[in-house]
Amino acid sequence: MIADRLKKLPRYFFVELDFLRAEMEKKGVSVINLSVGDPDIATPFPVVEKLKESASLQPNQTYPPSTGLQALREKIAAWMAKRFNVTLDPDKEVLVLVGSKEGIVHLSLALLNCGDVSLVPQPGYPAYKASAVLAGGDPHPLPLKKERGYLPDFGSVSEEVLRRTKLVFLNYPNNPTGAVCDKALYEEAAGLARKYGFVVASDAAYSEITFDGYKSPSLLQIPGAKDIGIEFHSFSKTFSMAGWRIAFAVGGKETIQALASVKSNLDSSVFKPIQFAAIEALSLGGGHLEKLKETYRRRRDLAVERLLGLGVNVAKPLGSFYLWVPVPQGCDSAAFTKELLHQCGVLVAPGTGFGEEGEGYVRISLTSSEEKLEEAFGRISDSHLFSRCRDVIVR
């Protein structure tokens, strides 16, 4: 017998996508996978070398401190100060994570009692809703609408729900839409948090993947935000370290301590050599990031140009490495995804994998080379699927 809470969780849709991909590959189809945000760009060489060097030293092979190495927490505080002009106490306001997904899920365990509301953006990263379910909370959708630039409309949430709310997730630059925000959103969220007594969790995993002059702000730049907020940053995107599983949380002492208490009972932090490698990553000059952003910008521009050529109305996002692509009118997102896979050997993520508000869209990841993207859009163009899908896929 399994726990009832697991029965409330949908099958993680990336697992389903992997199953579909594997089935096609068994049939001999060469699948181009544009469904997941798994960077194909190599981790910077100095970071890899630091891991090798650190791993060979016996003292680094022992258990790490549960909150992370002191040297890494100090480096994170220094990075936040330089990047966002935010002052942090590395001993009480910084916490090393085994990837930001781990921290997000454990945060709900730290803050939610049974029945407490967690406002989760839709469309949004599936872990927000899953974390509330696993904690016994009540995930309530916070719709992100195109007409609002995919920014949340807090006015659409009832007073009754707001009074029960203990946690709100925000995610900008946004996954899956690529939308960005300015400080005004964080100011509004912070004001509501003080009024209703909830915590604002800013998932800033894509804060450094921005384009065309846009620079992402931090929730913690808002005066007093540490009293009501916590922010997650990831090495996965900024430094192409997805498989390394290291990230960090920063914020108010009480919230950081609550999350640290959960983690100390469930994990033993990150292998020390990986933490030393993370210090090296944060020490890299600006050239690394500019080169990374230029690579994703070229891919973004290529993909948008090809989609516009197919008659698809898609804008250039200012952040993240995703495109939020409307399917032709009358088409079902999941069915369209399967049709793309079966007819073109191209795998994308159906919008409904990010919640009901994602219907009518698919997400395309730009974590494949320009050559792969060209091949993928060539296949799609040859299939004429965007122009004829309403004849074969009807909602």
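Is C181 buried or exposed in this predicted model? With a relative accessible area of 4%, C181 is buried, since the cut-off for a buried residue is under 20%. C114, by contrast, counts as exposed, its relative accessibility being 70%, and this value lies in the range over 50% that the term requires. The number of disulfides in the model comes to 0.

The buried residues of α2 are F13, F14, L17, L20 and M24. They cover an arc of only 115° around the axis and therefore lie on the same side of α2. An α-helix has 3.6 residues a turn, so residues three or four places apart point the same way. The elements that cover the buried residues of α2 include the helices α6 (126-134) and α13 (333-344), together with the strands β10 (346-347), β11 (349-350) and β12 (361-365). Just after α2, a positive phi of about 90° is found at G28.

Cavities of 30 Å³ or more number 2 in the model, and the largest cavity has a volume of about 60 Å³. Its lining consists of W79, A204, A205, S207, E208, H233, S234, F235, T238, F239, F248 and L282. Two or more residues of this lining are given by each of β7 (229-234) and α9 (235-238). S100 itself lies in helix α5 (residues 100-111) and is buried, with a relative accessible area of 11%.

Several features of the backbone fall in loops. In the loop between β5 (165-170) and α8 (183-196), which holds P173 and also P176, the peptide bond from Y172 to P173 is cis, with omega near -10°, and a further cis peptide bond, with omega about 20°, joins N175 and P176. Positive phi values in residues other than glycine include that of S240, near 50°, and that of S269, near 65°. S240 is placed in the loop between α9 and β8 (247-251), where this serine is buried at a relative accessible area of 6%. S269 belongs to the loop between α10 (253-266) and α11 (272-282) and is likewise buried, with a relative accessible area of 12%.

Notes:
Residues are numbered from 1 along each chain as its sequence is written. This is a predicted model: local features need pLDDT of at least 70, side-chain atom pairs count only at pLDDT 80 or more; totals for chains, interfaces and linings use all residues. Side-chain values use heavy atoms; hydrogens and water are left out. Buried means under 20% relative accessible area, exposed over 50%, partly exposed in between (1.4 Å probe, protein chains only). Helices (H or I, at least four residues) and strands (E, at least two) are DSSP runs, numbered from the N terminus. The arc is that of the directions from the helix axis to the C-beta atoms. Contact means heavy atoms within 4.5 Å. A disulfide is a pair of cysteine sulfur atoms within 2.5 Å. On a 1 Å grid over the protein atoms alone, a cavity is a set of points where a 1.4 Å probe fits but cannot get out, and a pocket is an open set with protein on both sides within 12 Å along at least five of seven lines; lining residues have an atom within 4 Å of a point. Grid points are joined across faces, edges and corners, and a volume is the space filled by probe spheres set on the points.
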